[in-house]
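Please look over the sequence and structure first.

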Amino acid sequence: MADTRRSAHPTVIVTRELPDVVMRRLEELFDTTNNRGDRPMTRDELARAMATCDVLVPAVTDTIDATLIEGAGERLRLIANFGAGVNHIDLKAARARGIIVTNTPGVLTEDTADLTMALIVSVPRRLAEGEKLVRSGQWSGWSPGGMLGYRIGGKALGIVGMGRIGQAVARRARAFGLSIHYHNRHRLPKVVEAELGAQWHPNLDEMLGAIDILTLHTPLNADSRDLIDARRIALLRPHVFVINASRGGILDEDALVDALEGGRLAGAGLDVWRHEPQIDPRLLSLPNVVMTPHMGSATYEGRVASGERVVANIRMWADGHRPPDQVLEGWA
């Protein structure tokens, strides 16, 4: 049976700089080492941290793989992730070592949906191109054919992944006059579909051929990696815009670039990348791609709320209770 010993005053190591109010609270409650310089930890530094702490608080930039977990000290019993996604943590290896993993679900839903909706509007309406034109000093004034984009209202939006964020995007998109189509592992209750005006497509390929804008909101796991690959991108019609504010690994970037360069897609809005912060230079040269630096959840309110969930998870665990946000997927 896994060792469930825990300390009433645990040693906590935080890998990235969090909001001041969160770091102060962590230091008040626990024996906490905060990364106030916000330099990402190297792999060796992560290994040393995991060898000496009771609780590790990592972020999406930290790859906590099986090798690191297997080499962790016996004291490490909780990985309290700062953020909702946990694809950077090997859950199976953590379970094998009796290490609980928690996350911070729900607190970033509205922020990410706002950013997604901004991309849905900005790409077809060419807002980034227009802003650059004005800044360049080359804008010569209004003309009937200047900076023509595409109307949003009346278009069909396809949502892959209809969880909290997908539903929040649907609510916003419906207000813009978009019809809502979605593909999800399980169909939503009819009352929710009615509220969102959403049509379920059990077959993803079928949905891809029927929409005008595609947005991705599924978690990144073994089933969703490269979910939108070259074959599925080819199912999209040439006027379609692709939006990804979820995880870079869900979308085959090479196939996306090939389609954009070949005129087989109208444009893309990207907030996440396969190898971030490195970005394919071909994307940088495409005018019909709006790019943002993984800022979907980047609000003051959201970051503080995530930190508060981390604190709550550690406190519950230290008090001998099951943390409220324990990640159970893949643990059965």
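The points below are grouped by topic.

This is a predicted model, in which local features need pLDDT of at least 70, side-chain atom pairs count only at pLDDT 80 or more, and totals for chains, interfaces and linings use all residues. Residues are numbered from 1 along each chain as its sequence is written, and side-chain values use heavy atoms, leaving out hydrogens and water.

**The sheet**
- Five strands make an open sheet with parallel pairing, in the order β2-β1-β3-β4-β5; strands (E, at least two residues) and helices (H or I, at least four) are DSSP runs numbered from the N terminus.
- The edge strands, β2 (31-33) and β5, each pair on one side only; pairing requires at least two DSSP bridges between two strands.
- β1 and β3 run parallel and are joined by three bridges.
- V14 stands opposite V57 in β3.

**Helix α13**
- α13 packs on the sheet, touching β1, β3, β4 and β5, and its direction makes about 160° with that of β4; contact means heavy atoms within 4.5 Å, and angles run from 0 to 180 degrees between N-to-C directions of axes fitted to C-alpha atoms, for helices over the stretch in contact.
- G320, which follows α13, has a positive phi near 90°.

**Annotated span**
- The end C-alpha atoms of residues 117-296 lie 10 Å apart, and this span is 32% helix and 16% strand.
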